[in-house]
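Hello,

Here is the structure I promised to pass on to you. Please open it beside this message, and my notes follow below.

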Amino acid sequence: FPSHDTTSILNGIVEELQHEGKGSDDQRLKVMARDYTNLLMKSTVEPEVYTNQTVSFIIDDLLTKYGPSNITRNNLATISKVLPRQQFKQIDLFSAIKQVAEIGDAIFYIDTSLDFHLESKNSASSGITFDNTNVT
């Protein structure tokens with residue numbers, strides 16, 4: 001195979017590959033994948049109640065108790081909104097974190113180094129711009 005320079009702009013867990021080329025001059029590969037946040041769907045939150053805790057505290061505690069051990073939390077922003085009462089009953093960790101993050105007007109993701117990020121919606125940017133030079 002000839003050597004080609006490549007640029008990685010997105011990373012994740014590959015779920016399916018489809019060859020879609022039409023002849024030897026048109027080699028296309030369709031990749032279906034999920035980002036690493038998918039790892040949070042494999043854990044179940046046991047019945048849990050938080051009273052008068054911040055969004056950041058609840059998410060950090062959920063990750064500590066139920067998150068995969070290979071995920072770090074070096075980019076957990078302080079989201080100081082206090083939730084008077086938040087209850088979970090046997091739901092996946094992703095859904096639990098999503099509920100709390102939405103209440104706190106925050107977003108979350110797991111980067112390619114498997115580090116969990118929690119950020120205020122207004123301060124977050126992927127740094128990736130999609131346009132006619134990188135999307136076909």
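Let me start with Ile71, which counts as buried because its relative accessibility is 8%; buried means under 20% relative accessible area, exposed over 50%, and partly exposed in between, with a 1.4 Å probe and protein chains only. You will find Ile71 in the loop between H1 and E5. Helices (H or I, at least four residues) and strands (E, at least two) are DSSP runs, numbered from the N terminus. Leaving aside residues up to four places away in sequence, Ile71 touches Leu39, Leu40, Ile110, Leu114 and Phe116, where contact means heavy atoms within 4.5 Å. Tyr36 is 35 residues from Ile71 in sequence, and their C-alpha atoms are 9.7 Å apart.

Before you go further, please keep in mind that this is a predicted model: local features need pLDDT of at least 70 and side-chain atom pairs count only at pLDDT 80 or more, while totals for chains, interfaces and linings use all residues. Residues are numbered from 1 along each chain as its sequence is written, and side-chain values use heavy atoms, with hydrogens and water left out.

Asn70 also sits in the loop between H1 and E5. Asn70 is partly exposed, because its relative accessible area is 43%. Between Asn70 and Leu114 there are 44 residues in sequence but 7.0 Å in space, C-alpha to C-alpha.

Now for the overall picture. The protein has two helices and nine strands, and along the sequence they follow the pattern β-β-β-β-α-β-β-β-α-β-β. Of its 136 residues, 29% count as buried. Among contacts with a separation of 6 or more, 57% are between residues 24 or more positions apart. The accessible surface comes to about 9300 Å², and 47% of that belongs to carbon and sulfur atoms; accessible areas come from the Shrake-Rupley method with a 1.4 Å probe, and for residues only the protein chains shown count as cover.

Next, helix H1. Its twelve residues (55–66) should span 16 Å at 1.5 Å a residue, and the end C-alpha atoms are 16 Å apart, so the two agree. The expected span is 1.5 Å times one less than the number of residues. Which residues of H1 are buried? They are Val55, Ser56, Ile58, Ile59, Asp61, Leu62, Leu63 and Tyr66. Their cover includes strands E3 (44–45), E4 (48–54), E5 (72–76), E6 (82–88) and E9 (115–120), along with helix H2 (93–103).

Strand E9 deserves a look of its own. Five of its six residues are buried. E9 pairs with E5 in the parallel sense over three bridges, with Thr72 opposite Asp115; two strands pair if DSSP finds at least two bridges between them. With strand E8 (residues 106–110), E9 runs antiparallel over five bridges, and here Tyr109 stands opposite His117. E8 and E9 form a hairpin with four residues between them, and Leu114 in the turn has a positive phi of about 60°. Asp105, in the loop between H2 and E8, has a positive phi of about 55° although it is not a glycine.

How many salt bridges does the structure hold? There are five, each being a side-chain nitrogen of Lys or Arg within 4 Å of a carboxyl oxygen of Asp or Glu. Here are three of them:

- Glu48 and Lys65 meet at 2.8 Å, N to O. This pair links distant parts of the chain, with Glu48 in strand E4 and Lys65 in helix H1, 17 residues apart. Glu48 is buried at 13% relative accessible area, whereas Lys65 is partly exposed at 44%. Glu48, Asp61 and Lys65 are linked in a network of salt bridges.
- Lys98 bridges to Glu102, with the closest N and O atoms 2.9 Å apart. Both lie in helix H2, four residues apart, about one turn of the helix.
- Asp105 and Lys121 meet at 3.8 Å, N to O. This pair also links distant parts of the chain, with Lys121 in the segment after E9, 16 residues from Asp105.

Finally, the surface. Val14, Leu17, Leu29 and Val31 form a nonpolar patch with about 360 Å² of accessible area together. Strands E1 (13–19) and E2 (29–34) are the elements that give two or more residues to this patch. Patches are made of residues with over 30% relative accessible area and no salt bridge, with like charges joined within 9 Å and nonpolar side chains (Val, Leu, Ile, Met, Phe, Trp, Tyr) within 5 Å. Leu29, in strand E2, counts as partly exposed because its relative accessibility is 46%.

Happy exploring!
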